[in-house]
Amino acid sequence: MDPSGLNLPTPPDQGKQSQLLGGVISTSIGVVLLAVGLIQLLFFYLPGKTPRLTIELILIPMGLLFGIPGALDLRRSLLNRWVMRHGVPAQAEVLRRDFTKKQYNGNPVSRLRLRVLPRDGEPYVVTIDWIAHTELMMLTPGRVVPVKVHPTKPRAVVIAA
């Protein structure tokens with residue numbers, strides 16, 4: 001039996017899984033802290049008493065600090081997964097690659113400037129953050145890579161490699 005003829009699933013990308021898991025965890029922690037802080041504020045602060053520094057002044061900002069970035073990571077990760085499954089195939093030329101200081105699960109995050117070349121329509125330029133490991137070094141300016149584009153939001157682009 002020829003192993004090249006097998007249609008094996010691709011291994012999961014650990015960086016993208018970490019982004020999804022990090023978004024879920026941060027959002028969950030943020031929601032819990034925010035809920036406890038608001039409950040404390042609404043039910044235990046009695047009118048007529050002298051206001052004092054209590055724990056809700058710590059819990060509410062901490063809930064926002066965890067929840068907002070976590071929700072943004074979760075949203076970004078879920079959108080990228082949807083585009084990867086249901087997006088329209090296209091090609092994109094790498095115009096620029098900048099390294100950011102962010103990492104997910106030890107995988108560097110790069111900011112890529114791409115010129116998307118859709119099958120129908122005019123080329124356009126987008127900037128995306130890309131979590132990658134070894135294939136990141138192959139994304140040099142001038143290289144054309146396969147991408148998937150959201151059918152109704154052309155700015156949502158995912159590299160399909």
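This is a predicted model: local features need pLDDT of at least 70, side-chain atom pairs count only at pLDDT 80 or more; totals for chains, interfaces and linings use all residues.

Colleague: How many of the residues count as buried?

Modeller: The protein chain has 161 residues, and 30% of them count as buried.

Colleague: What share of the contacts comes from residues 24 or more positions apart?

Modeller: Taking the contacts with a separation of 6 or more, 61% are between residues 24 or more positions apart.

Colleague: OK, on to H2. How many residues does H2 have, and what distance does H2 reach?

Modeller: H2 covers residues 56–86. That is 31 residues, reaching 43 Å from the first C-alpha to the last, close to the 45 Å expected at 1.5 Å a residue.

Colleague: Which residues of H2 are buried?

Modeller: There are several, including Leu59, Ile60, Leu74 and Val83. The glycines Gly63, Gly67 and Gly70 are buried too.

Colleague: Let's take Gly70. What is Gly70 in contact with, leaving aside its neighbours within four places in sequence?

Modeller: With Gly23, Ser26 and Thr27. Those three fall in the 14–44 range of helix H1, while Gly70 is found in H2. The C-alpha atoms of Gly70 and Ile25 are separated by 7.3 Å, although the two residues are 45 apart along the chain. Gly70 has a relative accessibility of 3%, so it counts as buried, the cut-off being under 20%.

Colleague: And the outside? Which residues make the nonpolar surface patch?

Modeller: Leu21, Ile25, Ile29, Ile55, Ile58, Met62, Leu65 and Phe66 make a patch of about 720 Å². H1 and H2 each supply at least two residues of the patch, and the largest share, 4 residues, comes from H2.

Colleague: Take Ile58 from that list. Buried or exposed?

Modeller: Ile58, which sits in helix H2, has a relative accessible area of 53%, so it is exposed, the cut-off being over 50%.

Colleague: Switching to charges. How many salt bridges does the count come to?

Modeller: The count comes to 5 salt bridges. One of them joins the side chains of Asp73 and Arg76, at 2.8 Å from N to O.

Colleague: Where do Asp73 and Arg76 lie?

Modeller: Both are in helix H2, 3 residues apart, about one turn of the helix. As a general point, an α-helix has 3.6 residues a turn, so residues three or four places apart point the same way.

Colleague: Is Asp73 buried or exposed?

Modeller: Asp73 counts as buried at 16% relative accessibility, whereas Arg76 is partly exposed at 33%.

Colleague: What about Asp98, what does Asp98 meet in a salt bridge?

Modeller: The side chain of Arg96, again with an N to O distance of 2.8 Å. Asp98 is partly exposed, with a relative accessible area of 30%, and Arg96 is partly exposed as well, at 49%.

Colleague: And which residue does Arg111 form a salt bridge with?

Modeller: Asp129, with the closest N and O atoms 2.8 Å apart. Arg111 is in strand S2 (residues 107–117) and Asp129 in strand S3 (residues 124–131), so this pair ties together parts that are 18 residues apart in sequence. Salt bridges that share partners also bring in Lys102, giving one network of Lys102, Arg111 and Asp129.

Colleague: In which sense do S2 and S3 pair?

Modeller: In the antiparallel sense, over 8 bridges. Val109, for instance, stands opposite Ile131 in S3.

Colleague: Last one. Which residue takes a positive phi in the hairpin of S2 and S3?

Modeller: Gly121 does, with phi near 110°. That hairpin has 6 residues between the strands.

Terms used. Residues are numbered from 1 along each chain as its sequence is written. Side-chain values use heavy atoms; hydrogens and water are left out. Patches are made of residues with over 30% relative accessible area and no salt bridge: like charges are joined within 9 Å, nonpolar side chains (Val, Leu, Ile, Met, Phe, Trp, Tyr) within 5 Å. Accessible areas come from the Shrake-Rupley method with a 1.4 Å probe; for residues, only the protein chains shown count as cover. A salt bridge is a side-chain nitrogen of Lys or Arg within 4 Å of a carboxyl oxygen of Asp or Glu. Buried means under 20% relative accessible area, exposed over 50%, partly exposed in between (1.4 Å probe, protein chains only). Contact means heavy atoms within 4.5 Å. The expected span of a helix is 1.5 Å times one less than its number of residues. Two strands pair if DSSP finds at least two bridges between them.
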